Number of protein chains: 2
Amino acid sequence: MRPIREPRPHPREKLKANLMEWFHWLLREAEIYDIRYPVKGAFVWMPYGMKIRRNVEALIRQLHDSTGHQEVLFPVFIPYEFFSKESQHIRGFESEVFWVSKGGEAGERLILRPTSETAIMPMFKLWIKDHTDLPLAVYQIVSVFRAETKMTNPMIRVREISMFKEAHTAHADREDAERQVRMAVEIYKKIFDEMCIPYLISRRTEWDKFAGAVYTIAFDTILPDGRTLQIGTVHYLGTNFSKVFEVTYLKPDGAHELVHTTSYGISERSIAAMLIIHGDDAGTTIPPKLAPIQVVIVPIVYGDERKAVMDTAQSVADKLSAIGLRVHIDAREDKTPGWKFYYWELKGVPLRIEIGKRDLEQRSVVVTRRDTLEKYSVGLDELEEAVKRIMEQITENLRKTAWERLRSSVVAAGSIEEARRALGEGKVVEVPWSGDNDCGLKISEMLRADALGTPMDKEPDIGGSDMRDLACPEKRANYWLRLSERY
Amino acid sequence: MRPIREPRPHPREKLKANLMEWFHWLLREAEIYDIRYPVKGAFVWMPYGMKIRRNVEALIRQLHDSTGHQEVLFPVFIPYEFFSKESQHIRGFESEVFWVSKGGEAGERLILRPTSETAIMPMFKLWIKDHTDLPLAVYQIVSVFRAETKMTNPMIRVREISMFKEAHTAHADREDAERQVRMAVEIYKKIFDEMCIPYLISRRTEWDKFAGAVYTIAFDTILPDGRTLQIGTVHYLGTNFSKVFEVTYLKPDGAHELVHTTSYGISERSIAAMLIIHGDDAGTTIPPKLAPIQVVIVPIVYGDERKAVMDTAQSVADKLSAIGLRVHIDAREDKTPGWKFYYWELKGVPLRIEIGKRDLEQRSVVVTRRDTLEKYSVGLDELEEAVKRIMEQITENLRKTAWERLRSSVVAAGSIEEARRALGEGKVVEVPWSGDNDCGLKISEMLRADALGTPMDKEPDIGGSDMRDLACPEKRANYWLRLSERY
């Protein structure tokens, strides 16, 4: 393996100039997602996008199946009677709910699930009898519906969230439920790590937690324009739902006790984040583990050497398929190699192999990394090892680069001026906060930024310092409050 | 491998006495599907049912992916404006459609898809430019919605069909579209063959074809009570949809031509059919290929031999997992072996292995087939081969038994009396028919049976005979008309 071109990645100028314009260009040109469907906030997953999505779903399933979650499928219809039982929940969701009707069926008031707590609780009531039935952890990957009042945005703010993985769990007590919350956080970290998406973990403020939760822990990532995108949430629901649905269990001592529940969700937003974070002006790079095509082979053919080159391409493809890689030979005769390079870079195939006549003579091929555009000449006898190694390097580089960008985008600010300046530069800021709701709301208002909550990924307490709440200087700061402009 | 018990399958008396009562018992007791969800016609897939379903989905995906179909995902919302474009289609579906509304969004009239032709055609219009874009074949596995006016029935007649695989294709001409229709029929045969479900293939009558189709070819199976269940349909749609959605392509000669389209669907009804057809009074048998657990190992442990038995159980499980089988050890200590036998027979695990102290001494295990309850003593060194062979035998036996039952349930009848008698005995009948719609409707009425259409799985023409139409004796019979009581 001999380097023949230094790292020289594509620029990110167009991407930074107008991120959403770039994203829509990517979705269209890479044939991932069609945004022209004639209903507001509803879009079409095209075949290539669907393949990416299925790999992400497989990852999500694997990480849930292997940690004691059981897959289920609940109906999309929820009776309004059930949906409205938990008062905070209904208050939070009522304005965003779609109603379903059918001529002549008076009396049946149904909604389309915006989330499934109120569909699942009546069944948990039937399924949970005694302590041996706990903990109970189920999940489903389904469409949920939000009649968005804000502007919709392809894959990011949609009215049909079509890849909503929601997990719902029930536990004997708070301690066990909070253990589950921590497990869910670990599962989500693994999912995002595999997608090479960096994240901030914050405990949402009281005024921004999930409607019906005791508390919410959220994952946000930072997009190249500095705005944050919520990509996952984990809720401890206490007994808020079990109380109104009367979900109890029999303890060994004969007493009946309410279960404690949690729920946690992740959606196609994670895919949007992945495509954007690893994007550049030529397209994107899909992390090897999730790429529908991991290696594309482009035969470079002139005249009568065609057969020899194609035979080698096929044997290279066979070799790499044999070690479990997803390989595609682009054998189109009406496209030039240059056109094909552009095409597959756009679609984010992590590794390209060119095979031409000269390579045949030297028993080697040219391998190009999508992320850095580094090129190597690789001998045919060392190919499998080299490809595996380069794939790992791509994954590491995507992850490292993304984490560096995220880390450099978060700053602590001790004063209003400092915080405003940082926000103006597109940063996420962390400012001293007493923990008081009114003061927090005031900070958010003063800075014209959204509160993400208190950091869970660094020491949340400010500790022994004598910092004062940014908005209420009469109060001692006990926490950091993280703020940003949000999607 | 030494037989130690002859075939002596469980009886099917309860199953036959009241099929639906038995089915609901199975769904509940085998923890497949919970029918207690508080919305009419909406049900819950439980973890074990979900695992069966995921195996069936994988089979469906594999057979579509390998035959040029690309998976996509379209929104569940269809604008009424599009839904109502094709006049036959809207006439057929209008009474069964769910409307979606959201306070304050006047003007946007949305329905929940009952099927996706009218969602997909506007996008086909954008995707198809010229002849090189054809044929185009896409599919999705989604929920579709029918506001059933008939009585709903778990997994069989539901308001949310939650495993609807619908394929949609576009072609340059009728010839190519009809080639696709034949391919779809072959794909469906393979799916049902793998599920060991026997089928009748009929061309539906004019009055019963899909709303908007030129013609419909349908798969029906016969349930043990003699009633038929439609389990798959394939439609040639001609230019009915392309005309109203203006989906054309540019021919090499510069002319613009309407595309010809097809669509074909299969649903969770296939799973209901599979569970029922292989059912008996103790539960069901799931065909090995689709069983979530293919081999269950029940250690027979008394006192201090526990460790030796469990170690062997584990090594047997490892051996069988290594050849790709899905194996589960039922190590529960609070259940007796007899209780476990009952439990896993109910759930349809195709093969059971018992391991006790005596077996250890003889270096053998006892293997029991779920379908026939035949038992064998199998030496540990021949186990993998024996298990594989028995699994194949189970698949063959399930298929053969089911096909024999189906074949013996279809009779040709030349007279009304004969036909009535056969229908009274719970048979499907085939009677001579001129092909005239009015006569066909009259036959159906006279026999008080539903017309399935003309057979496609035997010579549809009656040929040179001088048979007369059953209802219109003045007309010569050109076809058979197949009738039954339908679910």
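This is a predicted model: local features need pLDDT of at least 70, side-chain atom pairs count only at pLDDT 80 or more; totals for chains, interfaces and linings use all residues.
**View 1. An aromatic pair in chain A joins a helix to a loop.**
Phe93(A) and Phe210(A) form an edge-to-face pair, with 5.7 Å from centre to centre and 65° between the planes. Phe93(A) belongs to helix H5 (residues 87-93) of chain A, while Phe210(A) sits in the loop between strand S10 (200-203) and strand S11 (215-222), so the pair ties together parts that are 117 residues apart in sequence. Phe93(A) has 7% relative accessibility and therefore counts as buried. Phe210(A), at 12% relative accessibility, also counts as buried. Over all chains, the structure holds 46 aromatic pairs.

**View 2. Phe93(B) and Phe210(B) form an aromatic pair in chain B.**
The ring centres of Phe93(B) and Phe210(B) are 5.7 Å apart and the planes stand at 65°, so the pair is edge-to-face. Phe93(B) is in helix H5 (residues 87-93) of chain B, and Phe210(B) is in the loop between strand S10 (200-203) and strand S11 (215-222) of chain B. The two residues are 117 residues apart, and the pair links distant parts of the chain. Both Phe93(B) and Phe210(B) are buried.

**View 3. Further rings: a cluster and two charges over rings.**
In chain A, ring pairs join Tyr188(A), Phe192(A), Tyr199(A), Phe219(A), Tyr264(A) and Trp403(A) into a cluster. Elsewhere, the charged end of Lys335(A) sits over the ring of Trp339(A), at 4.5 Å from the ring centre. In chain B, the ring of Tyr487(B) has the charged end of Arg227(B) over it, 3.8 Å from the centre.

**View 4. An open sheet of six strands contains strands of chain A and chain B.**
The strands follow the order S5(A)-S7(A)-S6(A)-S6(B)-S7(B)-S5(B), and their pairing is antiparallel. Strand S5 (77-79) of chain A and strand S5 (77-79) of chain B stand at the edges; each has a single partner strand, so one side of each is left without a neighbour in the sheet. On average, neighbouring strands of this sheet are turned by 45° against each other, direction ignored. Strands of a sheet pair through backbone hydrogen bonds, in either a parallel or an antiparallel arrangement.

**View 5. Chain B meets chain A at an interface.**
Contacts involve 49 residues of chain B and 48 residues of chain A. About 4,300 Å² of area is buried between the two chains, and carbon and sulfur atoms give 64% of that area. Tyr37(B), Leu73(B) and Phe77(B) supply 15% of the area that chain B buries against chain A, more than any other three residues.

S10(A) pairs with S11(A) in the antiparallel sense over four bridges. S10(A) also pairs with S25(A), in the antiparallel sense and over two bridges. Ser202(A) stands opposite Ala218(A) in S11(A), and Ser202(A) stands opposite Pro455(A) in S25(A) as well. Arg203(A) has Thr454(A), in S25(A), as its bridge partner. S25(A) in turn pairs with S26(A) in the antiparallel sense over three bridges. There, Asp450(A) stands opposite Ser484(A) in S26(A). S25(A) is mostly covered, with five of its six residues buried.

**View 6. Ala477(A) lies in a loop between two strands of chain A.**
Ala477(A) is found in the loop between strand S25 (450-455) and strand S26 (479-484) of chain A. With a relative accessibility of 0%, Ala477(A) counts as buried. Neighbours within four places in sequence aside, Ala477(A) is in contact with Pro432(A), Trp433(A), Ser434(A), Ile462(A), Met467(A), Arg468(A) and Asp469(A). Pro7(A) is 470 residues from Ala477(A) along the chain, and the C-alpha atoms of the two are separated by 46 Å.

Key: Residues are numbered from 1 along each chain as its sequence is written. Chains are lettered from A and ligands numbered from 1 in the order in which they are written. Side-chain values use heavy atoms; hydrogens and water are left out. Rings of Phe, Tyr and Trp (its six-membered ring) pair if their centres lie within 6.5 Å; planes under 30 degrees apart count as stacked, over 60 as edge-to-face and the rest as tilted. Buried means under 20% relative accessible area, exposed over 50%, partly exposed in between (1.4 Å probe, protein chains only). A charge sits over a ring if NZ of Lys or CZ of Arg is within 6 Å of the ring centre and within 35 degrees of the ring normal. Two strands pair if DSSP finds at least two bridges between them. Axes are lines fitted to C-alpha atoms, for helices over the stretch in contact, and angles run from 0 to 180 degrees between N-to-C directions. Contact means heavy atoms within 4.5 Å. Buried area is the accessible area (1.4 Å probe) that two parts lose on being put together, summed over both.
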